[in-house]
Amino acid sequence: MSLDRGPRRLRSLDRSALIAASVTALSLTASGCMVVHGEREVLPATTQAEAGKALRQFTAAYNKADKAYDSSLDADHVTGALEDIDRARLKAGAANNPGGNPAHTPLELSDAKFTIPKKAGWPRWFVADAAGNKGGSVRWLFVFTRGGLDEPWEAAYLTLVAPGKVPEFKKDKDGWAEAVDVNSARLAVKPADLGEQYTTYLKNGGDVFADGAQTSVWRAERKKDAKRPGLATQYIDEPLASGDYAPLALRTADGGALVFFSTHHFEKQTAYPGSSIPTPGDDVLALTKGEIKQSFTMEFVSNQVALDPGKGSDDQEVSVLGRIQGMTSAQGE
């Protein structure tokens, strides 16, 4: 099973052209007019003020969509893995509560800090790190991207990270961060390969990732679930690494990188003769096609954030700091 979406945005087939489009900025010098090509010039992705505005616009749209259970209300502010997760959540909520979310509590973000890299070409992106009024004392870690000056900023990644776990980033004298090439060989694992390495680890284990809730603990839980009486459970895990799902990495002060990456998961439950599939909850059923008889396959999209050490550092294990996963569809048979 695969998610064949390529580089296009899920909402529109033709928007991918904007990502590759060159944008020309004009700047005046004392000697006249100079043309600076945005696809070649290394420039800050945005300003602190614009980053703050993007976060506020996202929060306002997210709250409207959550209150109404209507994904069209924040469609211009989410993309990639976060869009998949958010849209499915809202679809299920609307199916079970057509009048809107009876338990809606507005999301409030505070103490926001923005890390903005300098880079050439599109898409440009930045990281927002904020405290939220939900989820306890965790930090809400967003990545906002856009593919051109005429596009809105959209949240592509969202993970929740324990306090004190967000690393210090490498910055220049002006306060701009450093974007890391996803094919950089200066890290324990190339950021472009993290999705594949992670899904391989979930299947086979290994020594690439440090033990933790999203690695060794998750593998142990899945092994336990696979042995439930009367029920066989199979897992298929795939990387998502192109277009709006592409990994993004920031250089940390210690020479490593903080990497955001996406993955795609399937979980198939098959009941033995004389047994039955446990009845799913209403939100799961709202996303399910077919009738659940002897098998039930759930599809998930997940986004992770990980610390990828610099090559040659004492510890070469990648640490997954946070992960948010959402079911996007299901099939009963």
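## A negative patch

Asp 207, Asp 211, Asp 314, Asp 315 and Glu 317 come together as a negative surface patch. To join a patch, residues need over 30% relative accessible area and no salt bridge, with like charges joined within 9 Å. One member, Asp 315, sits in the loop between strand 14 (295–308) and strand 15 (319–332). With a relative accessible area of 45%, Asp 315 is partly exposed (buried is under 20%, exposed over 50%, partly exposed in between, using a 1.4 Å probe and protein chains only).

## About the model

This is a predicted model: local features need pLDDT of at least 70, side-chain atom pairs count only at pLDDT 80 or more, and totals for chains, interfaces and linings use all residues. Residues are numbered from 1 along each chain as its sequence is written, and side-chain values use heavy atoms, leaving out hydrogens and water.

## Aromatic pairs

There are 13 aromatic pairs in the structure. Tyr 157 and Phe 260 make a tilted one, with ring centres 5.9 Å apart and planes at 45 degrees (Phe, Tyr and six-membered Trp rings pair if their centres lie within 6.5 Å; planes under 30 degrees apart are stacked, over 60 edge-to-face, the rest tilted).

Tyr 198 and Trp 218 form another tilted pair, 6.4 Å centre to centre with 35 degrees between the planes.

Notes. Patch = residues over 30% accessible without salt bridge, like charges linked within 9 Å, V, L, I, M, F, W, Y side chains within 5 Å. Areas by Shrake-Rupley, 256 points an atom, 1.4 Å probe, with all protein chains shown as cover. Salt bridge = Lys/Arg side-chain N within 4 Å of Asp/Glu carboxyl O. Lys, Arg positive; Asp, Glu negative; His and termini not counted. Charge placed at Lys NZ, Arg CZ, Asp CG, Glu CD. Helix = DSSP H or I, 4+ residues; strand = E, 2+ residues; numbered from the N terminus.
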